[in-house]
Amino acid sequence: MTERRRFQVPSAANQFVKLYPIIAEIVEELKLEGNEKFRFAVCVSEAFTNAFYHGNQSDPAKVVELTFAWDQETITVEIADQGRGKVNDIDLDTDLSSISPQETSGRGVAIITSFADKVEVNEKD
């Protein structure tokens, strides 16, 4: 049986903090610990950050939707924004070692792809 949880967070600066209790709730339900817990939290946080800032351009009229689904074998996280970006704008092949540690942005997708077992990016209809 697949469990599913869905959340919506407005892309307003004062709403960003709502992400962390959501992650904590899901981590608890999934009973993740140690490295799995860390990797999961970082991937969700990085993908949410990209949707919030890059997808929705921090527009408080737009929301980021997070959907978590899981069964005994698989955890799926879908994060959707209301932006106009294209799949081609996202480079899933960026290697973390090629990114300067001095950069203040641009590492999120590389972190996600290095921590997650599988990453897909889809355009909205």
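In helix H3, the buried residues are Gly-108, Ala-110, Ile-111 and Ile-112, where buried means under 20% relative accessible area, exposed over 50% and partly exposed in between, with a 1.4 Å probe and protein chains only. Part of what covers these buried residues of H3 is helix H2. The model is a predicted one, so local features need pLDDT of at least 70 and side-chain atom pairs count only at pLDDT 80 or more, while totals for chains, interfaces and linings use all residues. Numbering starts from 1 along each chain as its sequence is written, and side-chain values use heavy atoms, with hydrogens and water left out.

Now for the overall layout. The chain has three helices and three strands, and its pattern along the sequence reads β-α-α-β-β-α. Helices (H or I, at least four residues) and strands (E, at least two) are DSSP runs, numbered from the N terminus. Of the 125 residues of the chain, 28% count as buried. The accessible surface of the chain is about 8600 Å², and carbon and sulfur atoms hold 47% of that; these areas come from the Shrake-Rupley method with a 1.4 Å probe, and for residues only the protein chains shown count as cover. Contact means heavy atoms within 4.5 Å, and among the contacts with a separation of 6 or more, 62% link residues 24 or more positions apart.

Back to H3 and its partner. Two packed helices are described by the angle between their axes and the distance between the axes. For H2 (residues 34–55) and H3 (residues 108–115), the axes come within 9 Å and cross at roughly 150°. Axes here are lines fitted to C-alpha atoms, for helices over the stretch in contact, and angles run from 0 to 180 degrees between N-to-C directions. That angle makes H2 roughly antiparallel to H3, as angles over 145 degrees count as roughly antiparallel, under 35 as roughly parallel, 65 to 115 as roughly perpendicular and the rest as oblique. On the H2 side, the contact is made by Phe-38, Arg-39, Val-42, Cys-43, Glu-46, Ala-47 and Asn-50, and on the H3 side by Gly-108, Val-109, Ile-111, Ile-112 and Phe-115. By class, that comes to eight nonpolar, two polar and two charged residues; Ala, Val, Leu, Ile, Met, Phe, Trp, Tyr, Cys and Pro count as nonpolar, Asp, Glu, Lys and Arg as charged, and the others, Gly among them, as polar.

H2 also packs with H1 (residues 19–30), and here the axes come within 11 Å and cross at roughly 145°. H1 brings Leu-19, Tyr-20, Ile-23, Ile-26, Val-27 and Leu-30 to the contact, and H2 brings Lys-37, Phe-40, Ala-41, Val-44, Ser-45 and Phe-48. Sorted by class, these residues are ten nonpolar, one polar and one charged.

Most residues other than glycine have a negative phi. Lys-31, in the loop between H1 and H2, has a positive phi of about 60° although it is not a glycine, and Lys-31 is exposed at 68% relative accessible area. Gln-57, in the loop between H2 and strand S2 (63–70), likewise has a positive phi, of about 55°, and Gln-57 is exposed at 57%.

Finally, the strands. Glu-78 sits in strand S3 (residues 75–80) and is partly exposed, with a relative accessible area of 48%. Leaving aside neighbours within four places in sequence, Glu-78 is in contact with Glu-65, Leu-66 and Thr-67. The C-alpha atoms of Glu-78 and Leu-66 are separated by 5.8 Å, with the two residues twelve apart along the chain.
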